[in-house]
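Subject: Handover of a structure

Hello,

Here is the structure I said I would pass on. My notes on what was found in it follow below the files.

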Amino acid sequence: MSAHASTRAMPAAGTRPCQWPCAPRALALLVALAALAAPARADTLAASEAPDPTRLDVERLPPEAIALTRDMFASGPFVFAELGGRGFAGGLGRVADPGVLGRVGVGYELTVWLIFAVSAELSLHETAAPAPPAPASFQLVDGVGEARLRLPLSVRAALWLGGEAGLGWVPGSLLPVYGIEDAESLSLIYGGSLGFDWHLLSKHHSLGLRAGARRYPGLDGDDPTVGIHAGATLAYVF
Amino acid sequence: MKREIHRKAGRREVQARFVLPVFPTSCSILCALLTLGCNDERRYVGDPQVVQVAITGATAPALMGDGAAIFVVEQRIELPIRAPSQTALADLQTAAAKFEGLPFPRMPWVARDDLAVSVDFTLYNLDEQPHDLTVTLNGFNEFDEYVPAIAIVDDEVVIDFSQWERLYRVEGKQRLTRTIREEELDEAAVDLATVVNGAPSSNQVVYFENLSDRDTRSRAFIPKVVPGLAGFRIGVRLSGGADEPRNVLLEATVKVREVEDRLAADDDEVFMLMPEPFTPVAPEL
């Protein structure tokens, strides 16, 4: 312990002990160097502050936005999913409440104005008619093919009008109790929809709204049945 | 490319990565719902599917006394049971030998838990005055049919309990809707097997408060094998003056949940049933 303490107190062998205080010596050295460098630094500053209208102006402006064009977005095959609701007018509307509607499908944008798609739909409803039977739920399953005529309103927005036809079916024997005898059988359905598409600022994704009506001859009771649907769509274009 | 669009457009990139999983998720949900929908095991049976029975001014009384009368109307509903093959029938007869003392010649084709049946009904009083109406239901299986009677004993009218019955007061021009639940009809099936198995008091067994699994008097006579109901008679009973207005309607629907594949499809042969009528027995006093 005593040997270690003496090593720290004494300078190492072969080095000269510092005879001036170190801080004043370093300060004097810095002042001398600054005096030598001062003329050159002043010259450099004067050169950099010379007017440079192009560079300074450009730095203060935002980058110039380019115009969006339709070809920046993907087009061609697409898939979509929809969530919405469906109600009925006429025959089935007298015994069934509106219900939630889900739809998934695939399609192809043949041109900007012509689109083909096929989709499968499922809507869930509950009966609302005097008992018996007690109110119960049923599902309406549709498979439809459609052709859409699209009218671009802008690069990102478009309206479309579509005609659709397919097959519909209500599994189970609930609706025949209400006199809708053919509900259990596959039957032809047809109708149309009006839609609005809004492309996100993404190459592949778009949102949409759709509303339309469809005839269900297989679900006619005493009167013809028309289904009225509306929903919001998410689409992914490959 | 997407980043390039946003960069060139001078805007921040829109985070739309959540959109892609939406499609497979939606597909999965839709497929699950489709599976559920296509696998609907409920079936409303009957021809017509809404059964109607009515008591009107033209209805003949079942029993008539001094200015009073009892009116009973019933409708028989037979479930469309799919006919078993000859091999299956032979197997059922062979299997019955394993159970001694069964009150049936063979094992039932429709066992107790094969079909779950429930009935929704609505009772209408079309008159201005209120009526006390009894809705009755008596079941039958492949072998026996419960047939309660109305008798006069010592100048008193004695009406046997039905397997399921409830008394309702229906005000004028009103209606009420009720459901006979699956477990209530299951109890009727057990009661029917119990009474034909030698229970001394049929009325005690079928009385609605005496549940088979709790009533020791009934439990001793429950056979080891209980046939399921293959149908029933549903009806309405009205007691009142012979000259009073009586316009009462009962509408019912029958829902069957098919646990085992026993209901006949459109192209299946229907099992022809010929159950023996069973009249309630009472203990000797």
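Two residues are in contact if their C-beta atoms, placed from the backbone, lie within 7 Å. On that basis, 81% of the contacts in chain B with a separation of 6 or more are between residues 24 or more positions apart. Please keep in mind throughout that this is a predicted model.

Chain B in outline

Chain B has 285 residues, of which 31% count as buried. Its secondary structure comprises six helices and 14 strands.

The nonpolar cores

The largest nonpolar core has 68 residues. Those with the most contacts inside it are A:Leu175, B:Ala189, B:Leu229, B:Val236 and B:Val254. Helix H4 of chain B, residues 182–196, supplies the largest share of this core, namely eight residues. Another core lies apart from it and has eight residues, including A:Val79, A:Phe80, A:Leu234 and A:Val237.

B:Val254 touches B:Tyr44, B:Val45, B:Gly46, B:Ile77, B:Val117 and B:Val119, if residues up to four places away in sequence are left out.

Helix H4 of chain B

Of the 15 residues of H4(B), 11 are buried, so by the cut-off of 20 or more other C-beta atoms within 10 Å the helix is mostly covered. Among the buried ones are B:Leu185, B:Ala188, B:Ala189, B:Val190, B:Leu192 and B:Val196. B:Glu187, B:Asp191 and B:Thr194 are also buried. The length of the helix agrees with expectation, because 15 residues at 1.5 Å a residue should span 21 Å and the end C-alpha atoms of H4(B) are 22 Å apart. After the helix comes B:Gly198, with a positive phi near 105 degrees.

The barrel in chain A

In chain A, eight strands form a closed barrel in the order E1-E2-E3-E4-E5-E6-E7-E8, with antiparallel pairing. On average, neighbouring strands of this sheet are turned by 25 degrees against each other, direction ignored.

- E1(A), residues 77–90, and E2(A), residues 99–109, run antiparallel and are joined by 10 bridges. A:Gly84 stands opposite A:Leu101 in E2(A).
- E1(A) is also joined to E8(A), residues 225–237, by 13 bridges, and these strands run antiparallel. Here A:Val79 stands opposite A:Tyr236 in E8(A).
- E6(A), residues 187–199, and E7(A), residues 205–215, run antiparallel with 10 bridges between them. A:His199 stands opposite A:Ser206 in E7(A).

A:Gly76

A:Gly76 is found in the loop between helix H3 (53–60) and E1 of chain A. It touches A:Tyr108, A:Glu109, A:Val237 and A:Phe238, again not counting residues up to four places away in sequence. Is A:Gly76 buried or exposed? A:Gly76 is exposed, because 10 other C-beta atoms lie within 10 Å and a residue with 12 or fewer counts as exposed. The C-alpha atoms of A:Gly76 and A:Leu151 are separated by 16 Å, although these residues are 75 residues apart along the chain.

Backbone features to check

Most residues other than glycine have a negative phi, and most peptide bonds are trans. The following residues depart from that.

The bond from A:Ala131 to A:Pro132 is cis, with omega near 0 degrees, and A:Pro132 is in the loop between strands E3 (114–126) and E4 (137–152) of chain A. The bond from B:Asp47 to B:Pro48 is cis as well, with omega near 5 degrees. B:Pro48 is in the loop between strands E1 (42–45) and E2 (51–55) of chain B.

Positive phi values are found at B:Asp154, about 50 degrees, and at B:Lys173, near 60 degrees; neither residue is a glycine. B:Asp154 lies in the loop between strands E8 (150–153) and E9 (156–159) of chain B, and it is exposed, with 5 other C-beta atoms within 10 Å. B:Lys173 lies in the loop between strands E10 (164–170) and E11 (175–180) of chain B. B:Lys173 is exposed too, with 12 other C-beta atoms within 10 Å.

Regards

Technical notes:
Residues numbered from 1 in each chain as written. Chains lettered and ligands numbered in written order. Predicted model: local features only at pLDDT ≥ 70, side-chain atom pairs only at ≥ 80, totals over all residues. Helix = DSSP H or I, 4+ residues; strand = E, 2+ residues; numbered from the N terminus. Core = buried A, V, L, I, M, F, W, Y, C linked by C-beta atoms within 7 Å. Expected span 1.5 Å × (residues − 1). Pairing = 2+ DSSP bridges. Axes fitted to C-alpha atoms, helices over the stretch in contact; angles between N-to-C directions.
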